[in-house]
Amino acid sequence: MRSSVKRALAAFAAVVIAIIWAFPVYWMINSSFLTPLTISGLEPTFLPFGGTLKNYQEVTTETPFFEALTMSIMVVAVALVVCLTFATLGALAISRFRFRGRKTFVLTVILVQMLPAEAMFIAQFKMISGLGLLNSLVGVSIIYVAMVVPFTIWMLRGFVTGVPIELEEAAMVDGCTRIQAFRRITFPLIAPGLVASGVFAFIQVWNEFALASILLTDDDAQTLPLWLRDIAQQSNLGAPEWGQIMAGSVLVAVPVIIFFVIVQGRMAQGLVGGAVKG
Amino acid sequence: MSIVEPPDLDTVEDPSPSDAPTRRPRRVRARSPKLPYALVVPAVGVLIVGLAYPMGWQILNSMREYGLPQQFGADAPWIWFANYTSLLGDGFFWRVVVRSLVFMAGTAFATMAIGILLALLMKAAPRWARLTLQMALLLAWAMPIVAQMTVFSWLIDPRNGVLNYLLTQLPGIDMTGHNWLEEPLSFFFVAAAIITWASVPFVAISVYAALTQVSDEVLEAAKLDGASSRQALMYIIMPIIRPVLIILLLLQFIWDLRVYAQIQLLQDFGPKGDDYDLLGTYIYGLGIGQGRFGLAAAAAMIVLLITLCVSGFYVRELLREDAR
């Protein structure tokens with residue numbers, strides 16, 4: 001009896017906290033559908049009934065949204081392809097081979113993840129501007145790949161180590177070369193790992209603000225986070241157009257939320273899915 | 001940085017390396033000794049270009065006079081540690097350092113405390129309630145930093161913000177038109193609240209994952225031996241999940257020290273000025289704002305040193321994991 005009361009209380013508390021935690025996200029979505037008139041009323045509107053898509057329409061047409069979206073997609077694509085390629089090779093090296101300098105490499109990969117952007121961005125800015133690569137896809141991509149490669153290596157390392165080397169060796173006994181053994185045996189088995197770490201890298205690059213704000217200063221080279229800051233800042237000069245700002249926030253956040261949900265499932269799959277059972 | 005920095009996910013949640021705990025992964029010597037090096041060359045290359053080179057530049061220029069005249073081609077003379085000594089002799093720099101450290105510690109401990117409580121709550125609640133809570137946490141976790149800041153700016157908007165409205169509904173409180181960002185202390189409280197909101201999900205979900213590793217039999221046995229549930233928590237559960245808690249706390253320290261984006265954005269949408277600076281925005285102002293790159297480089301080196309001190313322990317834990 002006592003324990004069932006306890007459980008009910010815990011359930012109640014969990015639901016209340018869930019509502020509090022999700023509220024800002026709900027409020028963002030809710031406000032994005034309200035007209036300027038409703039939003040500036042004295043009473044907040046808690047449900048988006050009678051909502052409008054006007055905010056979305058205005059925020060995408062009256063601002064350089066599609067330019068920013070294109071830039072974001074290009075940056076993400078370049079950074080992801082390069083990062084995943086480099087990281088797979090690096091992860092193979094550290095989880096498959098013994099070699100002199102391996103410890104140093106692993107230590108570097110770990111240490112570099114601790115580097116705060118704050119401690120580096122002045123120097124990175126000077127380097128990229130010295131190379132004449134400010135406001136360019138190449139410049140920001142170099143910095144982003146360097147930013148995400150270490151953790152991607154570290155994450156893939158776990159997945160590669162999870163595929164016993166005996167499997168590759170067996171394939172080689174059967175006549176595969178090392179590269180074939182990797183391509184046919186290991187690669188398919190670490191594919192979920194590639195997806196998971198790819199999504200994590202995607203989220204990092206898509207959301208990145210600090211470095212973008214100093215490397216991409218031109219109006220026509222902005223990624224989506226910079227675009228969102230811009231519309232919020234501009235409208236802050238007058239009376240903020242909160243409906244539009246929230247619509248913009250939804251547009252930036254939704255891809256991340258979707259990928260996040262995917263990766264959670266993938267992670268769980270990577271954890272339980274015993275791809276290697278014998 | 002932000003919502004996800006998954007090295008930790010790997011350590012904390014991903015049992016794939018340790019799932020078969022008894023079997024040590026075997027590493028071989030490559031037939032061609034050059035192969036492993038060829039594999040790491042691309043990664044090492046990009047790290048050299050993107051990080052090592054700027055780092056070298058920073059170390060060198062933190063010891064040179066490098067201001068606006070040097071921007072336009074004047075010589076940058078070596079002044080060795082003069083940049084450092086002038087920073088360390090500057091009362092304002094110290095204020096920013098102390099402010100950043102206090103902010104870091106406060107936010108990190110608040111995040112840990114709330115995260116652990118939520119994890120215990122998830123353990124106690126029935127499945128459907130736990131899943132509801134986890135979904136809500138996931139939503140908050142997934143929010144991009146810029147969107148977090150715009151949304152909270154809207155929530156606390158003095159004129160139409162829902163927070164002031166709701167608080168005013170409470171008897172005896174009138175918050176109409178209250179500006180939460182005006183007072184520096186209140187500004188940092190808002191920043192800490194937003195960061196805590198965004199980082200609690202990771203802590204709660206990780207601690208919950210650790211809690212599920214504590215076997216029910218052990219707890220059952222403790223109960224039979226007469227342990228109260230508080231004793232079980234303090235003497236059985238806590239020691240078992242201690243390693244996870246330590247790693248999480250260290251990560252929070254590291255992340256809450258580097259909150260440039262959040263502070264910068266909150267300043268963008270609210271007040272600006274020295275009183276609202278933490279280390280990140282301070283360095284930005286020094287370097288990119290005023291063009292005093294030598295000083296900014298020295299300040300960045302000091303931040304790096306602080307981070308290294310904090311993360312030394314964390315690195316040790318991760319290396320232990322690699323050796324497993």
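Is W80(B) buried or exposed? W80(B) is exposed, since 10 other C-beta atoms lie within 10 Å. The scale behind that word runs like this: a residue is buried if 20 or more other C-beta atoms lie within 10 Å of its own, exposed if 12 or fewer, and partly exposed in between, with C-beta atoms placed from the backbone. You'll find W80(B) in the loop between α3 (68-71) and α4 (82-88) of chain B. Its phi is near 50 degrees, which is a positive value in a residue other than glycine.

Before going on, a word about what you're looking at. This is a predicted model, where local features need pLDDT of at least 70 and side-chain atom pairs count only at pLDDT 80 or more, while totals for chains, interfaces and linings use all residues. Residues are numbered from 1 along each chain as its sequence is written, and chains are lettered from A and ligands numbered from 1 in the order in which they are written. As for the helices, they are DSSP runs (H or I, at least four residues), numbered from the N terminus.

Chain A has a loop residue with a positive phi too. For N135(A), phi is near 60 degrees, and this residue isn't glycine either. N135(A) sits in the loop between α6 (117-130) and α7 (137-162) of chain A. It counts as partly exposed because it has 18 C-beta neighbours inside 10 Å.

Setting aside neighbours within four places in sequence, V263(A) is in contact with A196(A), V199(A) and F200(A). Here, "in contact" says that the C-beta atoms of two residues, placed from the backbone, lie within 7 Å.

Step back and chain A splits into domain 1 (2-56) and domain 2 (61-272), with bounds that come from an automatic or database domain assignment. The C-alpha centres of the two domains of chain A lie 32 Å apart. Where they touch, 10 residues of domain 1 are in contact with 8 residues of domain 2. On the domain 1 side, α1(A) gives the most, with 4 residues. That side divides into 6 nonpolar, 4 polar and no charged residues. In this sorting, Ala, Val, Leu, Ile, Met, Phe, Trp, Tyr, Cys and Pro count as nonpolar, Asp, Glu, Lys and Arg as charged, and the others, Gly among them, as polar.

Next, the two chains together. How many residues of chain A are in contact with chain B? It's 88 residues of chain A, against 88 residues of chain B. Helix α1 (residues 2-32) of chain A supplies the largest share of the chain A side, 16 residues. That chain A side is made up of 65 nonpolar, 16 polar and 7 charged residues.

Last stop: a pair of helices in chain B. The axes of α9 (residues 184-211) and α12 (residues 260-269) of chain B come within 11 Å and cross at roughly 130 degrees. Those axes are lines fitted to C-alpha atoms, for helices over the stretch in contact, and angles run from 0 to 180 degrees between N-to-C directions. So α9(B) and α12(B) are oblique to each other; angles under 35 degrees count as roughly parallel, over 145 as roughly antiparallel, 65 to 115 as roughly perpendicular and the rest as oblique. The contact is made by F187(B), A191(B), I194(B) and I195(B) of α9(B) and by Q262(B), I263(B) and L266(B) of α12(B). These residues come out as 6 nonpolar, 1 polar and no charged.

Notes. Helices (H or I, at least four residues) and strands (E, at least two) are DSSP runs, numbered from the N terminus.
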